[in-house]
Amino acid sequence: MGILEKIAEIEKEISRTQKNKATEYHLGLLKAKLAKYRAQLLEPSKSAGAKGEGFDVMKSGDARVALIGFPSVGKSTFLSLMTSTASEAASYEFTTLTCIPGVIEYKGANIQLLDLPGIIEGAAQGKGRGRQVIAVARTADVVIMMLDATKGDVQRVLLEKELESVGIRLNRTKPNIYFKPKKGGGLSYNSTVPLTHCSEKLVQLILHEYKIFNAEVLFREDSTPDEFIDVIVGNRVYMPCLYVYNKVDQISIEEVDRLARRPHSVVIRFVNKSSFGQKLSSYSLYLCKGVKLLSPYSNVYKHACSAFSLQCHRIHRTLASQFKYALVWGTSTKYSPQRVGLTHIMEHEDVIQIVKK
């Protein structure tokens, strides 16, 4: 039996198993096996063969945004209107056959926008060059999911399922679980909060499925077995996603209102640059030398904040190791200037002065 057949069999068993206290251990094992088979499916084939054309695009600018969606939902039109790049758009499907990059300037930040070919159901298994598309999406800072408003929620559910199966977690944060394999000593299990989804027995069964018998596990939040499996696997990508519903002129005003009120969602008929610029949470930082203000140093963060250690790496890769302290003027400090360390969280339009050892 192949991997695809095993995955399909486990998914069917999960769907027909009633979720209750008596079956939680069985469901946990099934989910662990499912994650293992999906990871094997994504591994490159060992058989020799000619490599196909990839979608390798050099990452540039302050952030990378990936356009993902089914064919003919308006991705190429979106790219052409938002950037100076012309991406071919037509009334037939699969107009775009490779990755087409463009650049948007937003509040001093250069945002790289990638128009990816349309994906179809089963893309995670390699259908329609889906693996190449999803591989590029994993390198993005933000995903814009282009959806046809006339299709309801069908496209959104299918795309979320495809991305979920390859380890992309949309609009979610990394579970606050400490996990460290050990060479001996058995399982050390603790939690700082009451757990309603996991137990020590379930955690032990999941670890045994991955051939892990000695480990330290500490739950700092009430996590699910799926989230614990994500921590064990360790290759999950957590990123924000903006759901953009196109062609809203073809549906009723009540449906437009319903879609617009959903979290992380935007309805469009014409393009507004600020919609996803706000989703990126762009911040401008200013470097100063003595009393002289240098040119703005713009940046875009994956989250609405960033520590100095990340910014030092962006300025120069050796700066963090030579960092002594920094002076900050701005809204992130209690007084100006405030002396801060590498863990200080900066805010929009802060002025910083870095002192090296």
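Strand β1 is mostly covered: seven of its seven residues are buried. Buried means under 20% relative accessible area, with exposed over 50% and partly exposed in between, for a 1.4 Å probe and protein chains only. Strands here are DSSP runs of E with at least two residues, and helices are runs of H or I with at least four, numbered from the N terminus. This is a predicted model: local features need pLDDT of at least 70, side-chain atom pairs count only at pLDDT 80 or more, and totals for chains, interfaces and linings use all residues. Residues are numbered from 1 along each chain as its sequence is written, and side-chain values use heavy atoms, leaving out hydrogens and water.

Six strands form an open sheet in the order β2-β3-β1-β4-β10-β11, with mixed pairing. Its edge strands are β2 (100-106) and β11 (265-267), each of which pairs on one side only. From one strand to the next, the twist averages 25°. Two strands count as paired if DSSP finds at least two bridges between them.

Helix α3 (residues 75-82) packs on this sheet and touches β1 (63-69), β2, β3 (109-115) and β4. Contact means heavy atoms within 4.5 Å. The direction of α3 makes about 155° with that of β3. Axes are lines fitted to C-alpha atoms, for helices over the stretch in contact, and angles run from 0 to 180 degrees between N-to-C directions. Helix α8 (residues 253-260) lies across β10 and β11, running at about 150° to β11.

| Strands | Bridges | Residues opposite |
| β1 and β4 | five bridges | V65 and V142 |
| β4 (142-148) and β10 (241-246) | six bridges | D148 and N246 |

Which residues of α3 are buried? They are K75, S76, F78, L79 and M82. Seen down the axis of α3, these residues fall within an arc of 160°, so they line one face of the helix. The arc is that of the directions from the helix axis to the C-beta atoms.

P71 sits in the loop between β1 and α3. P71 counts as buried because its relative accessibility is 12%. The C-alpha atoms of P71 and I119 are separated by 6.6 Å, although these residues are 48 residues apart along the chain.

### The three-stranded sheet

A second open sheet has three strands in the order β6-β8-β7, again with mixed pairing. The edge strands are β6 (177-181) and β7 (187-191), and each pairs on one side only. Here the twist averages 5° from one strand to the next. Strand β7 runs parallel to strand β8 (residues 215-219), joined by five bridges. S188 stands opposite E216 in β8.

Helix α6 packs on this sheet, touching β6, β7 and β8, and its direction makes about 135° with that of β7. Helix α7 (residues 225-233) lies across β6 and β8, running at about 45° to β6.

In α6, the buried residues are L202, V203, I206, L207 and E209. They cover an arc of only 155° around the axis, which puts them on the same side of α6. Buried or exposed: which is E209? E209 is buried, with a relative accessible area of 18%. E209 belongs to helix α6 (residues 200-209). Leaving aside residues up to four places away in sequence, E209 touches L29, A32, K33 and K36. After α6 comes K211, whose phi is positive, near 60°.

### Rings and charges

Rings of Phe, Tyr and Trp (its six-membered ring) pair if their centres lie within 6.5 Å; planes under 30 degrees apart count as stacked, over 60 as edge-to-face and the rest as tilted. By this rule the count comes to three aromatic pairs. The rings of F219 and F228 have centres 5.6 Å apart and planes at 35°, so the pair is tilted. Both F219 and F228 are buried. Ring pairs link F179, Y189, F219 and F228 into a cluster.

Two arginines sit over rings. R156 lies over the face of Y243, at 3.6 Å from the ring centre. The charged end of R339 sits over the ring of Y325, 3.8 Å from its centre. A charge sits over a ring if NZ of Lys or CZ of Arg is within 6 Å of the ring centre and within 35 degrees of the ring normal.
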